[in-house]
Amino acid sequence: MVVIEVTGLRKRFGAFTAVDGIDFSVEKGEIFGFIGPNGSGKSTTIRMLLGLLTPCGGGGRVLGYDIATQSEAIRQRTGYMAQRFSLYDDLTVRENISFYAGVYGLRGACAAERIREALETVDLPDIENMRASALSTGWRQRLGLACALVHQPPVMFLDEPTGGVDPLARRQFWDLLYNLAGSGSTILVTTHYMDEADHCNRLCLINEGRILLSGTPGEMKRSAGTRDLGEIFARIAQQGKENG
Ligand SMILES: Nc1ncnc2c1ncn2[C@@H]1O[C@H](COP(=O)(O)OP(=O)(O)OP(=O)(O)O)[C@@H](O)[C@H]1O
Ligand SMILES: [Mg+2]
């Protein structure tokens, strides 16, 4: 079942084209990676899918809802961890999640149950009374994820969730993503860490607003004759430059 479908999506800021006509689709239960360097258009694409930015061309659907006309329905059914997500430093771990539960209209016993489940999902139940300001970066990312999934959305958009996190914490974070996808969640995740490309079921390499290559990590490596996705990316980006 196709959960996210994008065709010819385009975004210009003035004379600058940030997203230059991209096509991709994501199936239910997939971890789909959006891999590309700084400024390649990853965040802009996610913002268009959530209706936070208006496309200049093309379109898309999330869970069957049109991104141009039904973004409210999309936002209710998706989780979003923004690249620079905000936590309330003066609030505890539980209070932060509780805040987001309220934003999504969860109240009373239902909210309490969802918060407990979110804490368990991200493996933070023992520190629920700690203030957010006291958390390590890795724990902050996990709390950010808990806030994004407290309403149990079937689809999640995670924009560089592991930025600035140490290798062990990144690995633990990816284990959480595997568990979520294993229970049927669909996840679109962006990163510029090439090693994380290998963790995705399918991915696309994006550069200067264009998709250079997409497929499974295995397919990409076989067709390029290398085990190193970073090398493939560098090669294609270089070819692109030479061809103008
Ligand atoms: N509101 C805006 N106005 C003008 N230019 C913008 C705006 N938002 C993004 N851009 C530009 O569009 C390009 C793509 O930005 P985007 O944030 O989507 O990249 P990204 O792939 O998420 O990069 P990063 O890895 O640094 O987060 C960049 O050159 C950026 O400067
Ligand atoms: Mg970004």
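A salt bridge is a side-chain nitrogen of Lys or Arg within 4 Å of a carboxyl oxygen of Asp or Glu. Keep that in mind as you look around this predicted model, because a search of the whole structure turns up twelve salt bridges.

Glu160 pairs with Lys42, and their closest N and O atoms are 3.7 Å apart. Glu160 sits in the loop between S7 and H6, while Lys42 belongs to helix H1, so the partners are 118 residues apart in this pairing of distant parts of the chain. Both Glu160 and Lys42 are buried. For Glu160 the relative accessibility is 11%, and buried means under 20%, which is why Glu160 gets that label.

Why mention that? Most residues other than glycine have a negative phi. Asp123 is another case, with a phi near 65 degrees. You'll find Asp123 in the loop between helix H4 (108-121) and H5. Here the relative accessibility is 53%, so Asp123 counts as exposed.

Now go back to Lys42 and Glu160, and look at ligand 1. Around this ligand there are 14 residues, and the closest are Gly39, Lys42, Thr44, Gln83 and Glu160. How do some of them meet the ligand? A polar backbone atom of Gly39 is 2.7 Å from an oxygen atom of ligand 1. Lys42 uses a polar side-chain atom, 2.8 Å from a ligand oxygen, and Thr44 also brings a polar side-chain atom, this time 2.6 Å from an oxygen of the ligand. Taken alone, ligand 1 exposes 630 Å², and the protein buries 64% of that. Strand S2 (16-27) and helix H1 (42-49) are the elements that give two or more residues to the shell, with H1 supplying the largest share, three residues. Sort the shell by residue type and you get four nonpolar, eight polar and two charged residues.

In helix H2 (residues 71-76), Arg75 and Glu72 are three residues apart, so about one helical turn separates them. Their salt bridge has its closest N and O atoms 3.5 Å apart. Arg75 counts as partly exposed at 27% relative accessibility, and so does Glu72 at 47%. In helix H4, Arg116 and Glu113 are also three residues apart, about one turn of the helix, and their side chains meet in a salt bridge of 2.9 Å, N to O. Arg116 is partly exposed at 37%, as is Glu113, with a relative accessible area of 35%. Elsewhere, salt bridges that share partners join Arg10, Asp20 and Arg210 into one network.

Finally, have a look at some nonpolar residues. Tyr88, Phe99 and Val103 make a nonpolar surface patch of about 280 Å². Phe99 lies in helix H3 (residues 93-103) and is partly exposed, with a relative accessible area of 36%. What about Leu145, buried or exposed? Leu145, in helix H5 (residues 137-149), is buried, with a relative accessible area of 0%. The C-alpha atoms of Leu145 and Phe85 are separated by 9.7 Å, although these residues are 60 residues apart along the chain.

Note on methods
Residues are numbered from 1 along each chain as its sequence is written. Chains are lettered from A and ligands numbered from 1 in the order in which they are written. This is a predicted model: local features need pLDDT of at least 70, side-chain atom pairs count only at pLDDT 80 or more; totals for chains, interfaces and linings use all residues. Side-chain values use heavy atoms; hydrogens and water are left out. A residue is near a molecule or strand if one of its heavy atoms lies within 4 Å of it. A polar contact is a pair of N or O atoms within 3.5 Å; within protein, one must be able to donate a hydrogen and the other to accept it, and residues adjacent in sequence count only if both atoms are side-chain atoms. Accessible areas come from the Shrake-Rupley method with a 1.4 Å probe; for residues, only the protein chains shown count as cover. Helices (H or I, at least four residues) and strands (E, at least two) are DSSP runs, numbered from the N terminus. Ala, Val, Leu, Ile, Met, Phe, Trp, Tyr, Cys and Pro count as nonpolar, Asp, Glu, Lys and Arg as charged, and the others, Gly among them, as polar. Patches are made of residues with over 30% relative accessible area and no salt bridge: like charges are joined within 9 Å, nonpolar side chains (Val, Leu, Ile, Met, Phe, Trp, Tyr) within 5 Å. Buried means under 20% relative accessible area, exposed over 50%, partly exposed in between (1.4 Å probe, protein chains only).
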